Amino acid sequence: MQTLPRITVEVPVLSIGSGPADYEGFDRYVDALRRPQGLHMTLFHLGVLEDFARDVSGWTKGITSAEAAGRRTASWLRGLPVLEGFSGTADRLIVLGGGAVRGLEVEVPQHVRDYQVSLVVALHELLDELLVDNIDDFILSSPALGFRSPRWVPHIAVGRPKNRSRASIELARLAVECGESRIRNRQLLLDFDA
């Protein structure tokens, strides 16, 4: 069974460190080092839009149909403000996803954290419009959203850990440059136009 692409709000990573060697050095710590061209930092994960719409419909016991939830959510995503590119720093690799991924933890400017919080606040407002009650419970239980922690950890996934250790790996401080925010798989939103 093929999985449909997920919708996320993310920023592309333009550079890590002072040159390619800084990033390529991570292969000492991870297997299958990800290609630098595809690196990104996720600010908000919605999941598969069809699944999210079904979650809403199920939670509201059909008061909000999956079709209406999908259309409204697609419109909401298209209307989100764009976060301008920014610079951050990183000095350690952490383990994420129950141990399946090693990521570069990034210190981001406060306005980036504020933007990420604004996305969660906007999600609450969307869910209220969609007639979802007990919104926090819905967010934590929706399989599509997949929220496991209320705390956002800015990071860039770089590969699978070489070993089972969950310990952080301290690094020399690296500069991280990110581009403006974008919606991954934005073209899928066209499927939900009225």
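Helix α3 (residues 66-78) and helix α4 (residues 110-129) have axes that come within 11 Å and cross at roughly 150 degrees. Axes here are lines fitted to C-alpha atoms, for helices over the stretch in contact, and angles run from 0 to 180 degrees between N-to-C directions. The angle makes α3 roughly antiparallel to α4 (angles under 35 degrees count as roughly parallel, over 145 as roughly antiparallel, 65 to 115 as roughly perpendicular and the rest as oblique). Helices (H or I, at least four residues) and strands (E, at least two) are DSSP runs, numbered from the N terminus.

This is a predicted model, where local features need pLDDT of at least 70 and side-chain atom pairs count only at pLDDT 80 or more, while totals for chains, interfaces and linings use all residues. Residues are numbered from 1 along each chain as its sequence is written, and side-chain values use heavy atoms, with hydrogens and water left out.

Which residues in α3 and α4 meet? From α3 come R72, T73 and W76; from α4 come L119, A122, L123, L126 and E129. Contact means heavy atoms within 4.5 Å. The contact of α3 with α4 divides into 5 nonpolar, 1 polar and 2 charged residues. Ala, Val, Leu, Ile, Met, Phe, Trp, Tyr, Cys and Pro count as nonpolar, Asp, Glu, Lys and Arg as charged, and the others, Gly among them, as polar.

Now look at E129 and R72. Their side chains meet in a salt bridge (2.7 Å, N to O). The term means a side-chain nitrogen of Lys or Arg within 4 Å of a carboxyl oxygen of Asp or Glu. E129 lies in α4 and R72 in α3, so the pair ties together parts that are 57 residues apart in sequence. E129 is partly exposed at 47% relative accessible area, and R72 is partly exposed at 28%. Buried means under 20%, exposed over 50%, partly exposed in between (1.4 Å probe, protein chains only).

Next come the strands. D91 forms a salt bridge with R173, with the closest N and O atoms 3.0 Å apart. D91 lies in strand β4 (residues 86-96) and R173 in strand β7 (residues 169-178), so parts 82 residues apart in sequence are tied together. R173 is exposed, at 55%.

Strand β4 also holds R92. The side chains of R92 and E105 meet in a salt bridge (2.7 Å, N to O). E105 sits in strand β5 (residues 101-107), 13 residues from R92. Is E105 buried or exposed? E105 counts as buried, at 14% relative accessibility.
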